[in-house]
Amino acid sequence: MRLVPESALIVEVPEAEPLVGDWRAKHDWSGQRGVPAHITVLYPFTPTEKIDERLHAELRKLFGTYPAFSFSLPRVARFPDVAWLAPEPAEPFKALTDAIASQYPDYPPYEGVHEEVIPHLTVAEGAVDLQDAVETAIAPSLPIEARATTISLFLEDETGWWNRGERYPLGRP
């Protein structure tokens, strides 16, 4: 466990919860620690102890310049050891990640370990047989249609549990 609780900026996807919630609760660390179905915009973000009203104001201003948008989750995709849903279009998520990472360069996405950040909704972490089971179970129920209207700030507490903090509205087109 980390010594300093972190935060994350995400797009919550409640439309996916009925289909992926049980999988995430059993096979995804974030689903087991209070984070709902989501697509990450930036993780890790600032330590929770550094979050103040000035930061909230900056985030409201930044995210307010990006329009709300609709997207679809039409297919199951895979990373090694992860089954995930691929959002289409992915570009609005990439633009949000690029914007927040540019404004806060001390917090590169995923601590800079990935050369390319691929927007995704994690369903389950595990071996190929688990990924096959996920795909078999949920692919027939896709696509999921959703709309991103806010960015949620999630805060880790001292126990490793994550709670929703502020929500920052996206602007209107």
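These notebook entries record what I looked up in a predicted model.

**Entry 1. Nonpolar cores**

The largest nonpolar core has 42 residues. Within this core, the residues with the most contacts are Leu9, Phe45, Phe63, Leu85, Ile100 and Leu121. I then listed the partners of Leu9, leaving aside neighbours within four places in sequence. They are Thr40, Val41, Leu42, Phe45, Leu59, Phe63, Ile100, Ile151, Ser152, Leu153 and Tyr168. Another core, of seven residues, lies apart from the largest one, and I noted Ala8, Ile10, Tyr110 and Phe154 among its members. In soluble globular proteins, nonpolar side chains tend to be buried together.

**Entry 2. Helix H2**

I next examined helix H2, which runs over residues 53-64 and has 12 residues. From first C-alpha to last, H2 reaches 16 Å, close to the 16 Å expected at 1.5 Å a residue. At its N-terminal end I found a cap: a side-chain oxygen of Asp52 lies 3.3 Å from the backbone nitrogen of Arg54.

Which residues of H2 are buried? I recorded Leu55, His56, Leu59, Leu62 and Phe63. These residues cover an arc of only 130 degrees around the axis, so they lie on the same side of H2. An α-helix has 3.6 residues a turn, so residues three or four places apart point the same way. The face turned away from the buried side of H2 carries the exposed residues Arg54 and Lys61. I also looked up what the buried residues of H2 pack against: strand E1 (7-12), helix H3 (91-103), strand E7 (150-156) and strand E8 (162-169).

**Entry 3. Helix H3**

I turned to H3, which has 13 residues and reaches 18 Å from its first C-alpha to its last, close to the 18 Å expected at 1.5 Å a residue. Its buried residues are Phe93, Leu96, Thr97, Ala99, Ile100 and Ala101. Their cover includes E1, strand E2 (38-42), H2, strand E3 (69-79), strand E4 (82-88) and E7.

**Entry 4. Ile144**

I located Ile144 in strand E6, residues 144-148. Ile144 has a relative accessible area of 8% and is therefore buried. With neighbours within four places in sequence left aside, Ile144 is in contact with Glu15, Ala16, Leu19, Phe71, Ser72, Leu73 and Leu85. I also checked Ile144 against Pro74: they are 70 residues apart in sequence and 6.4 Å apart in space, C-alpha to C-alpha.

**Entry 5. Backbone geometry**

Lastly I checked the backbone. Most residues other than glycine have a negative phi, and most peptide bonds are trans. The bond from Glu88 to Pro89 is cis, with omega near 0 degrees, and Pro89 lies in the loop between E4 and H3. A cis peptide bond also joins Leu142 and Pro143, with omega about 10 degrees. Pro143 is in the loop between helix H4 (128-138) and E6. Asp81 is not a glycine, yet I found for it a positive phi of about 70 degrees. Asp81 sits in the loop between E3 and E4.

Definitions and conventions: Residues numbered from 1 in each chain as written. Predicted model: local features only at pLDDT ≥ 70, side-chain atom pairs only at ≥ 80, totals over all residues. Heavy atoms only, no water. Core = buried A, V, L, I, M, F, W, Y, C linked by side-chain atoms within 4.5 Å. Buried < 20%, exposed > 50% of the residue type's maximum accessible area, 1.4 Å probe, protein only. Contact = heavy atoms within 4.5 Å. Helix = DSSP H or I, 4+ residues; strand = E, 2+ residues; numbered from the N terminus. Expected span 1.5 Å × (residues − 1). Arc of directions from axis to C-beta. Polar contact = N/O pair within 3.5 Å; in protein donor to acceptor, adjacent residues only side chain to side chain.
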